[in-house]
Every structure is written in C-alpha cells, then in structure tokens.
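These are my notebook entries on a structure that I looked through entry by entry. The sequence and the coordinates are shown first.

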Amino acid sequence: MGPGARHATGGHGEGAQEKLVYVTCVYNGFSCHGDPSAKRRFLILPSLLSGRVYVVDTATDPRAPSLHKVVESEDIAEKTGLGFPHTSHCLASGDIMISCLGDKEGNAAGNGFLLLDSEFNVKGHWEKPGHSPLFGYDFWYQPRHKTMISSSWGAPAAFRTGFNLQHVQDGLYGRHLHVYDWPGGELKQTLNLGDTGLLPLEVRFLHDPSKDTGYVGCALTSNMVRFFKTTDGSWSHEVAISVKTLKVRNWILPEMPGLITDFVISLDDRYLYLVNWLHGDIRQYNIEDPAKPFLAGQVWVGGLLQKGSDVVYVTDDGQEEQYNVPQVKFFGDDLVKKGSHMLQIDVDTEKGGLAINPNFFVDFGTEPDGPALAHEMRYPGGDCTSDIWI
C-alpha cells in the first residue's frame, strides 16, 4: 500500500468528530528529547521487499501527504550491506534507527540496524561491529535501563517466498531475544526462548520508563513471553500468556495455533491487547501485575473459524464448533478477496471489555490503486504504538 491519509466519520453515532489517522506500514515522527523545536513531520516507511525507505511529509498538508525523499536500497546496501528494512524508531539524537532482517540477498547473517541522520542520509550500522543479532525483526529500547531488546523473525530468503513449516525445523526462523547496551550498541545477552517462543515478533517494554519489564509475542507458539531484569542485572524471561491451540478439521494441519501477530500496551500500562490472526479474536489482558496477566475482554472479528467457513474446531467432547463474528455496517463476505478493512473496537478501560462498533467501517478495497491491504496505523501526534518515553 502506498502512503496516504484516511479519515472517516463514525464512532458513536451522528455528528461524531472527524479524526485523522494514517494507515501504512510504520509511523515515526521527530520527537527529540530536550529539543522543543522538534516536530512530528514525517512518516518513515521501510519497505521490506524492495529495500527502500520512503519518507513522507505529513506536516505541510496533513490531508495530502507528499513524498519527501526515497532512500534507495542500493545506497543502503552499498554503505552498510543491509537489506529488508522493517521497524523504525526515532532516537533522541534525531537519528532514525531501522531494523534490517538480512543482507540484500536475503541471508539472515547479514542483518543489523540501519542509522539514518535527520536529513535521511545513510550513516551506517547502529550496533558495534561483530554484534549483529542472529535474526532480526522488531526492537524497543528503555533508556533508563540502558537496554534495547530486539526479536527474531526469520531469514528473508525463507519468508519472502511464503511460510514453510519445514524452514522452522531447518533453523531459518528465530526463537531468541537479543539484549543490547543502549545506546552503545554492544550485544550483551541472548535469551533462548526455546520451543515455547518460536517466531518472536513484536517487542514492547512497559511505557513507564522506570520499569524493567516488557513482552514479546511469539507467533507460531502463540505465547506472550514476559522479559524482565533480574537482581544481578541480567535479563530473563517467562511465558505470561498462552493461547490454546485448537483441534480443527478441514485445515492444512490437525491443530491450529492462534498465531499472535500484533499487540499493543495501553499508555497507562494497565492493559495489553493482542491479535490471534488465525483464530480471529482480539483479546484484552489486565497486566497491572505484569507477571500475572488475566483476560479482561475478548471479541471475534474474523479468522478461519468463523461461521460459514469450511474450517471448524473440535471441542474436547468431539463436537464441531465455529465462532460468531458480529456484523458491522457494510460488512461483506467477499472483502478478503477485495481488500482489507478497518473496524473500531470500543474498550471498557475501567472494568475491561471489548465490543465492535457496528457503525464504523472503512473499506480499503475501493482505493484508486487497490484493492489495498492496510497494516499498521498511527495517529499523527503519536500514540502508544510508537512512542518511547524517556
């Protein structure tokens, strides 16, 4: 999907205020510690397969973002050897740091962290020579604890052709977290998550910068793993949330994992929200005690187990079941073939609870160059998915 702005009225009935949201790959504006003149002006769009980084101006005309600069993959590869850029974060210095999942040929051993300066020129690697991770994907830093932690998806040469379970057994996908000195770039520790932590993807520390704990979603094993600092200053981990694998029929395997993909922690650090991509539900967990999350809300929005699908799950007593997916305004059964869509989920932030708003719907199948497959979204002023507090 190309860069663009989308807006929609809806939410809570007639007369709801119009809200501007950018829907794209990754959002990061400039927000530099100690520099009040710094403004959130740009969308930074790393492009996984082309290897380019697009810089989009969202400040000049917020309703008509314009392309500001393209950092070409050839320039990145020539100066750093890196390819397959994925996650971007802006640093307090004004530099931009982007995780890269391999070299330009797709070898995982060539991955690392790209640095761009404030004019979007290639500066080089962030990590020290010889301190590249085994695999790359996401990262998050906690400055007060002088720590950055990154996750490990897999080798681009494997995932760019589609997921193959054999590649996991062949060692082409990760199961590790990498602990770095921040901002020095020295790899201090590698945490092996084992068979309970296959394909660790998104990484989030708690937003409170004094806290020394966070989570990583492990897709294939459908576990949320908590990482934390121990009394001796090293880092450890444990499974905090586990999504039950379901017995199924009419699928490629006899059992189906939830396949945790995206997750987010609320700004007040009270709730964690996760997506089970295959099962089709979104969950809200109370994490006021980070070591003992409990389910506070759940809603079904799609997935392979909804009523009408060929796939069914089998209960413990042998019955075949499917989940009811609430209907929303303009919702159609063929939207998967015609592009993605955006829903609004209303959240009870006091007692917990999730519910789909039936009056809000954005159809990305009608894009001029569509149908489009929208991914992450960001508010222009920043939000709990993009901001790191110092």
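The entries below go from the whole chain to single residues.

**Entry 1. The whole protein**

I note at the outset that this is a predicted model. I looked up the secondary structure and found 4 helices and 30 strands. Of the 390 residues in the protein, 52% are buried. I then looked up the contacts between residues at least 6 apart in sequence, and 49% of them join residues at least 24 apart. The protein exposes about 18,200 Å², and carbon and sulfur atoms supply 50% of that area.

**Entry 2. Helix α1**

I turned to helix α1, which spans residues 73-80. Its buried residues are S73, I76, A77 and T80. They lie on the same side of α1 because they cover an arc of only 95° around the axis. I asked which exposed residues the face turned away from the buried side carries. That face carries E74, E78 and K79. I also looked up what covers the buried residues of α1, and the cover includes the strands β4 (53-57), β5 (66-71), β6 (82-90), β8 (112-116) and β9 (122-125). Just after the helix, G81 takes a positive phi of about 80°.

**Entry 3. The nonpolar cores**

Which residues of the largest nonpolar core touch the most other members? I found M97, W126, M148, I149, V216 and F227, in a core of 24 residues. Seven strands are listed as supplying at least two residues each to this core: β8, β10 (139-142), β11 (147-150), β12 (176-181), β14 (200-205), β15 (213-218) and β16 (223-229). Another core, of 23 residues, lies apart from it, and its members include A219, V248, W300 and L305.

Leaving out residues up to four places away in sequence, W126 touches M97, F113, L115, M148, Y180, D181, W182, P183 and G185.

**Entry 4. Aromatic pairs**

A search of the whole structure gave 15 aromatic pairs. I looked up two of them in detail.

F42 and F120 form an edge-to-face pair, with 5.1 Å centre to centre and 80° between the planes. This pair links distant parts of the chain: F42 is in strand β3 (residues 42-46), F120 is in the loop between β8 and β9, and they are 78 residues apart. F42 has a relative accessible area of 3%, so it is buried. F120 is likewise buried, with a relative accessible area of 3%.

F113 and Y180 also form an edge-to-face pair, with 5.7 Å centre to centre and 85° between the planes. F113 sits in strand β8 and Y180 in strand β12, 67 residues apart, and this pair too links distant parts of the chain. Both F113 and Y180 are buried. Ring pairs join F113, W126, F139, Y141, Y180 and W182 into a cluster.

**Entry 5. The cis peptide bond**

I asked where a cis peptide bond occurs, and found one joining W182 and P183, with omega at about 5°. P183 is in the loop between β12 and β13 (187-192). Both W182 and P183 are among the residues that W126 touches.

**Entry 6. The loop between β18 and β19**

W251 lies in the loop between β18 (246-249) and β19 (255-256). W251 and V312 are 61 residues apart in sequence, and their C-alpha atoms are 8.4 Å apart in space. Not counting residues up to four places away in sequence, W251 touches M256, P257, L278, L304 and V311.

N250 is found in this loop as well. N250 is not a glycine, yet it has a positive phi of about 70°. With a relative accessible area of 58%, N250 is exposed.

**Entry 7. K146**

K146 has a positive phi of about 50° and is not a glycine. K146 lies in the loop between β10 and β11, and it is exposed, with a relative accessible area of 57%.

**Entry 8. Cysteines**

How many disulfides does the count give? The count comes to 0. I checked the burial of two cysteines. C90 counts as buried at 13% relative accessibility, and C218 counts as buried at 0%.

How values were computed:
Residues numbered from 1 in each chain as written. Predicted model: local features only at pLDDT ≥ 70, side-chain atom pairs only at ≥ 80, totals over all residues. Heavy atoms only, no water. Buried < 20%, exposed > 50% of the residue type's maximum accessible area, 1.4 Å probe, protein only. Arc of directions from axis to C-beta. Contact = heavy atoms within 4.5 Å. Areas by Shrake-Rupley, 256 points an atom, 1.4 Å probe, with all protein chains shown as cover. Core = buried A, V, L, I, M, F, W, Y, C linked by side-chain atoms within 4.5 Å. Disulfide = S-S within 2.5 Å. Phe/Tyr/Trp six-rings, centres within 6.5 Å; stacked < 30°, edge-to-face > 60°.
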